[in-house]
Amino acid sequence: MEKLSRRLRQVAGFVPQGARLLDVGSDHAYLPLYLLEQGAISHAIAGEVVDGPYQSALKNAQNSPFTAQLEVRLADGLAAFAPADAIDTITICGMGGRLIASILDNGRAKLEGVTRLVLQPNNREDELRNWLSRAGYAILVEEILEEQGKIYEIIVAERGQQDLSDLDLRFGPFLRQDKSPVFVTKWEKELKQLEQALAGIPDHHEEARSAIAQKIQAIKEVLHES
Ligand code: SAM
């Protein structure tokens with residue numbers, strides 16, 4: 001599977017050996033096919049809600065040696081699986097954090113047998129962490145990486161209790177501790193944009209200025225904390 005991005009290869013690394021996987025939004029089914037090729041999972045469902053990507057995933061699955069282990073289903077979010085599928089791991093990648101949270105929330109009743117979530121939001125990571133925290137998940141691992149000029153975060157969660165501060169929700173409890181070069185790049189860029197935005201807001205718009213000033217202060221605090 002030469003086509004798999006580094007982003008999705010890193011996601012694959014967090015899927016437990018032998019998992020029964022649901023990949024939600026499985027455009028092309030690249031991730032489950034890669035995991036099957038590696039012998040890393042036992043069974044997978046590739047779920048897609050849009051017909052075009054569903055057809056691509058179906059074609060790739062049918063042309064693979066894994067027709068017995070990979071099912072492609074046209075479905076919205078977690079509607080792609082039933083209890084009989086005994087799914088234990090869900091991956092949801094390449095979507096906004098708000099959409100990932102809403103997919104999980106809409107299918108919340110089906111998450112009972114699922115032990116691990118591997119999530120790769122493209123934005124609004126704070127909203128996703130907030131959902132995880134409120135739904136009784138603890139973040140086990142976080143990863144941040146840069147690929148082709150874009151920065152991506154990966155969040156691995158399992159059931160558990162975890163107290164997250166506002167800074168943890170926004171920056172990631174592990175990412176802000178690690179402060180990797182990619183993390184610093186991401187937040188320095190955001191800081192610059194916010195400072196430019198602040199400079200453009202007239203003094204009498206106190207509320208707007210104060211909201212941005214608080215965001216700036218939080219980034220400075222996290223980048224400089226040891
Ligand atoms: N997961 C792949 C990746 O990370 O490269 C594909 C990402 S692509 C940008 C997002 C895919 O999610 C699209 O194919 C879209 O149709 C699908 N999608 C969006 N909402 C969905 C939902 N509620 N249920 C299933 N698939 C969904």
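Aspartate 168 sits in helix 6, a stretch that spans residues 166-171 of this predicted model. Is this aspartate buried or exposed? Its relative accessible area is 12%, and because the cut-off for a buried residue is under 20%, aspartate 168 counts as buried. The side chain of aspartate 168 also makes a polar contact with the side chain of arginine 176, at 2.7 Å. When neighbours within four places in sequence are set aside, the residues in contact with aspartate 168 are Arg129, Asp163, Pro173 and Arg176.

Seven strands form an open sheet with mixed pairing, and their order reads 3-2-1-4-5-7-6. Strand 3 (70-74) and strand 6 (137-147) are the edge strands, each pairing on one side only. From one strand to the next, the twist averages 15°.

Within the sheet, strand 4 (residues 89-95) and strand 5 (residues 116-121) run in the parallel sense and are joined over six bridges. Methionine 95 has proline 121, in strand 5, as its bridge partner.

Helices accompany these strands. Helix 2 (residues 30-37) packs on the sheet, where it touches strand 1 (19-24), strand 2 (41-48), strand 3 and strand 4. The direction of helix 2 makes about 170° with that of strand 2. Helix 4, made up of residues 97-106, lies across strand 1, strand 4 and strand 5. Relative to strand 4, helix 4 runs at about 150°. Strand 1 and strand 4 are therefore touched by helix 2 under a contact limit of heavy atoms within 4.5 Å.

Notes
Residues numbered from 1 in each chain as written. Predicted model: local features only at pLDDT ≥ 70, side-chain atom pairs only at ≥ 80, totals over all residues. Heavy atoms only, no water. Pairing = 2+ DSSP bridges. Helix = DSSP H or I, 4+ residues; strand = E, 2+ residues; numbered from the N terminus. Axes fitted to C-alpha atoms, helices over the stretch in contact; angles between N-to-C directions. Buried < 20%, exposed > 50% of the residue type's maximum accessible area, 1.4 Å probe, protein only. Polar contact = N/O pair within 3.5 Å; in protein donor to acceptor, adjacent residues only side chain to side chain.
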